Amino acid sequence: MGILGLFFIFYLKSIVYEPVDLSLKKKAMQLDRIIRSTTMQFTFPNAYGQKFEIDLSKAQMWIYSSVYSKYYFQLRTIDGKLIEKSASLGKFILPYKDTMGEFETVNVNGRYLRLLNLKDLDNKIIIQVAYNVENERSILLKFEITVFLSLLFILLTSAVIGFFVSNNALSPLYEIDNQIRSITEQSLDKRLSLDNPPEELKDLVDSFNMLLERLDRAFKREKRFISDVSHELKTPISVIQMQCDLALRKPRREEDYKKALKLIKDTVSMMGTLIDKMLMLSKLDSLNIEAYRKIDLREIITKSIELLRFKAKEKDIKIELKGDITCSVRGDGILLEELFSNIIDNAIKYNRPSGYVYIEINEDKNTCKITIKDTGIGIERDELDRIFDEFYRVDKSRSKETEGFGLGLSIAKKILSLHNGKIHLESTPSEGTTVTITLKKAKS
């Protein structure tokens, strides 16, 4: 707005002064012609000491001879010495500046004059012509004041409007800020809510609510994890303490002490297994594998089967690796062995006596697909979504008839996440479960 105002001021100045400048130039040229005419009325010495006579007849230059004229003129030598001036100047003298052919506004005794300095065509005399521009300056001054007040009014109005608009626009942000400040770790179930939020903030609110949802799930999972760990450790600790109390209560036979120590040893071994799995979960959460190598999945699965062969034999469960297809992926061999060991271990653990575990490897252009199918107890549909949660087991009573801690599938899923793999479960109660694992095929 300020630039526009300056443009209007300069534009009006050019409009106001343009006719004055044209008139000054015209009269300067007219005076130049008279000076070079042959008809003389009065004389003055030029720069060469010669005498010239100038006829300022009323018919030609009467405006310069009038005392009340608004036009003023002076004649100077080339070096700036005053030769003659008009009667309208009285005792005042026009200032001399070596700016030939340019128009400027000067102050002469409180009067504003528009001045033109021009050399005559013979380059012997400097002609100075001026015009009183008090009225023109008054018009310009009024316009400048009007522009200034208008700009001031516009700025103040814009500031007031901007204040209310910005306050109205920022009010949803203030509301969001207040709601966020009220959310603590005890109230992560709260969600941001705005009535008719602006389109720009709607996505922000939705994203923040999704973040709160993830944090809420993470905190609940952590609380559940701590509760489950406490529950899992409470029983073996109670067993150890009870056996110690019984052994110390009174003298017992050597066999009784051996039996108590064996039970304590088995319980400690179980606790060690639980701690190892918990440490693995913690390690997988922060693990970032960079050096993957090419892995033969058939070899890894065969190793896993051999490790679990004795456990399968105890339940008379037969494990069959179908076909002879092999498929290679890039990954960490130890983690992939842990992955398949956990899946096959579950297939054995939750199988029926004399059951089967079928394992099949398939491949296509980009992926390796491993299917592990058992003939076990199966999983209810409403439990499939929670089957990968830490410490979650299908037997809600947590009976020790089926040993384990409910960490195997959690570990398997995190290992797959590190290998950009996917896992999918399909299950029918009393018929069995099919686990499908998909991994990206290694480039040859």
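Biologist: Which residue lies over the face of Y358, and at what distance from the ring centre?

Modeller: That is K322, at 4.9 Å from the ring centre of Y358. A charge sits over a ring if NZ of Lys or CZ of Arg is within 6 Å of the ring centre and within 35 degrees of the ring normal. K27 has such a place too: its charged end sits over the ring of Y71, 4.9 Å from the centre. Before we go on, please note that this is a predicted model, where local features need pLDDT of at least 70 and side-chain atom pairs count only at pLDDT 80 or more, while totals for chains, interfaces and linings use all residues. Residues are numbered from 1 along each chain as its sequence is written, and side-chain values use heavy atoms, with hydrogens and water left out.

Biologist: Why is the pair of Y356 and Y358 called stacked?

Modeller: Rings of Phe, Tyr and Trp (its six-membered ring) pair if their centres lie within 6.5 Å; planes under 30 degrees apart count as stacked, over 60 as edge-to-face and the rest as tilted. A search of the whole structure finds three aromatic pairs. In one of them, the rings of F163 and F164 have centres 5.5 Å apart and planes at 75°, so that pair is edge-to-face. For Y356 and Y358, the centres are 5.6 Å apart and the planes are at 0°, so the pair is stacked.

Biologist: What makes F163 exposed, and what is Y358 called?

Modeller: Buried means under 20% relative accessible area, exposed over 50%, and partly exposed in between (1.4 Å probe, protein chains only). F163 has 52% relative accessibility, so F163 counts as exposed. F164, with 54%, is exposed as well. Y358 has 25%, so Y358 is partly exposed, and Y356, at 31%, is also partly exposed.

Biologist: Which residues form a nonpolar patch on the surface?

Modeller: They are L141, I145, F148, L149, L152 and L156, with about 590 Å² of accessible area together. Like charges are joined within 9 Å, and nonpolar side chains (Val, Leu, Ile, Met, Phe, Trp, Tyr) within 5 Å. The areas come from the Shrake-Rupley method with a 1.4 Å probe, and only the protein chains shown count as cover for residues. L156 has a relative accessible area of 52%, so L156 is exposed.

Biologist: How do you know that β11 and β12 pair?

Modeller: Strands (E, at least two residues) and helices (H or I, at least four) are DSSP runs, numbered from the N terminus. Two strands pair if DSSP finds at least two bridges between them. β11 (residues 356-363) and β12 have seven bridges in the antiparallel sense, and a hairpin of three residues joins them. β12 (residues 367-374) also has seven bridges to β14 (residues 432-440), again antiparallel. In β14, L439 is the bridge partner of C368.

Note on methods
Patch = residues over 30% accessible without salt bridge, like charges linked within 9 Å, V, L, I, M, F, W, Y side chains within 5 Å. Salt bridge = Lys/Arg side-chain N within 4 Å of Asp/Glu carboxyl O.
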